[in-house]
Amino acid sequence: MTLTSPDIKEGGTIANEQVFNGFGCTGANISPELSWSGIPSGAKSLAIGIYDPDAPTGSGWWHWVVFNIPPGTTSLPKDAGNVKKKLMPKGAIQSRTDFGSDGYSGPCPPAGDKPHHYQITVFAVDVDKLPDARNDAASAALVGSDLHFHTLAKATLTGLYGR
């Protein structure tokens, strides 16, 4: 599988357009456009996550959690993470990030930290609906547990951001 974005290049700096607006950050909080290919034929759904393993929490930080995306989907438009705009494919669920809300929440590492790594991952999943994560109240850990047991393949794109 491959994952690409015209907004975030592998190993590149994430633009202010994708940065969170809050917690001392002043970005536009617009989710990046994403495209993928090479989904295995057995995939029954897809999921997307953006995770910061460098967050000073002991468990990282989830910035976007999307699951139950129809398997024929090959891209998401810019700002699909804005739940009010309803740009997600029918049936896809955006659940809680570590900011405590559903939808996309961009990078906002602590001031003075080295740039954090933001891992954007698309997962090919062997079930059409995750068995335990059922709605937008599902935590990232619950979604991650389902994905651990149901992922056929995945692709990751990593962007960097610091302030």
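β5 and β6 form an antiparallel pair over six bridges, where pairing requires at least two DSSP bridges between strands and strands are DSSP E runs of at least two residues, numbered from the N terminus. The model is predicted: local features need pLDDT of at least 70, side-chain atom pairs count only at pLDDT 80 or more, and totals for chains, interfaces and linings use all residues. Residues are numbered from 1 along each chain, and side-chain values use heavy atoms, without hydrogens and water.

**Sheet**
- Five strands make an open sheet in the order β8-β6-β5-β9-β10, with antiparallel pairing.
- Its edge strands, β8 (93-94) and β10, each pair on one side only.
- Ile 50 has Trp 64 in β6 as its bridge partner.

**Nonpolar core**
- The largest nonpolar core has 29 residues, of which Leu 3, Trp 36, Ile 48 and Trp 64 touch the most other members; a core joins buried Ala, Val, Leu, Ile, Met, Phe, Trp, Tyr and Cys residues through side-chain atoms within 4.5 Å.
- β9 gives the largest share of this core, four residues.

**Salt bridges**
- There are three salt bridges, each a side-chain nitrogen of Lys or Arg within 4 Å of a carboxyl oxygen of Asp or Glu.
- Asp 7, Glu 17 and Lys 78 are linked in a network: the closest N and O atoms are 3.3 Å apart for Asp 7 and Lys 78, and 3.0 Å apart for Glu 17 and Lys 78.
- Asp 7 is buried at 18% relative accessibility, and Lys 78 is partly exposed at 33% (buried is under 20% relative accessible area, exposed over 50%, partly exposed in between; 1.4 Å probe, protein chains only).
- Lys 85 and Asp 79 meet at 2.8 Å, N to O.
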